[in-house]
Amino acid sequence: MGTMGTTTATALDQAINDLRAGLPSWVGLPAAERAALLRAARRRVVAESEELAAATCAAKGISRDGPYAGEAVAEVSLIATVLRASETVFGNIARGKDLL
């Protein structure tokens, strides 16, 4: 995911603009390709979970070894969980399965 550091408002604005610019490409992807991209993203989040948790702690100004560090781990876990759920939904769409 690259280097992690202090994120500025300008960097966040740019990330949001990049996501908006990519929206037409996402909309045009078949469900199976969306599922594959979400799977890859989830795997990357899991693989880099320690770095992401450490970056979250740094951004919040809390110690990685402190009592609130578990919050950062939970947030990374939540991201991975949402990616897995989204991957499942798009995989089901691709296979013509009922979403519920």
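Predicted model: local features only at pLDDT ≥ 70, side-chain atom pairs only at ≥ 80, totals over all residues.

Residues are numbered from 1 along each chain as its sequence is written, and side-chain values use heavy atoms, with hydrogens and water left out.

Student: How are α2 and α4 oriented to each other?
Tutor: Helices here are DSSP runs (H or I, at least four residues), numbered from the N terminus. Axes are lines fitted to C-alpha atoms over the stretch in contact, with angles from 0 to 180 degrees between N-to-C directions. The axes of α2 and α4 come within 8 Å and cross at roughly 160 degrees. Angles under 35 degrees count as roughly parallel, over 145 as roughly antiparallel, 65 to 115 as roughly perpendicular and the rest as oblique, so α2 and α4 are roughly antiparallel.

Student: Which class do 14 residues of the contact of α2 with α4 belong to?
Tutor: Ala, Val, Leu, Ile, Met, Phe, Trp, Tyr, Cys and Pro count as nonpolar, Asp, Glu, Lys and Arg as charged, and the others, Gly among them, as polar. In the contact of α2 with α4, two residues are polar, five are charged, and 14 are nonpolar.

Student: Which residue's side chain is joined to that of R42 by a polar contact?
Tutor: R42 lies in helix α2 (residues 31-47), and R42 touches A80, L83, R84 and E87, leaving aside residues up to four places away in sequence (contact means heavy atoms within 4.5 Å). A polar contact is a pair of N or O atoms within 3.5 Å; within protein, one must be able to donate a hydrogen and the other to accept it, and residues adjacent in sequence count only if both atoms are side-chain atoms. At 3.1 Å, such a contact joins the side chain of R42 to that of E87.

Student: Is E87 buried or exposed?
Tutor: E87 is found in helix α4. Buried means under 20% relative accessible area, exposed over 50%, partly exposed in between (1.4 Å probe, protein chains only). Because its relative accessible area is 11%, E87 is buried.

Student: How is α3 oriented to α4?
Tutor: The axes of helix α3 (residues 49-60) and helix α4 (residues 69-94) come within 9 Å and cross at roughly 130 degrees. That angle makes the orientation of α3 to α4 oblique.

How values were computed. Helix = DSSP H or I, 4+ residues; strand = E, 2+ residues; numbered from the N terminus.
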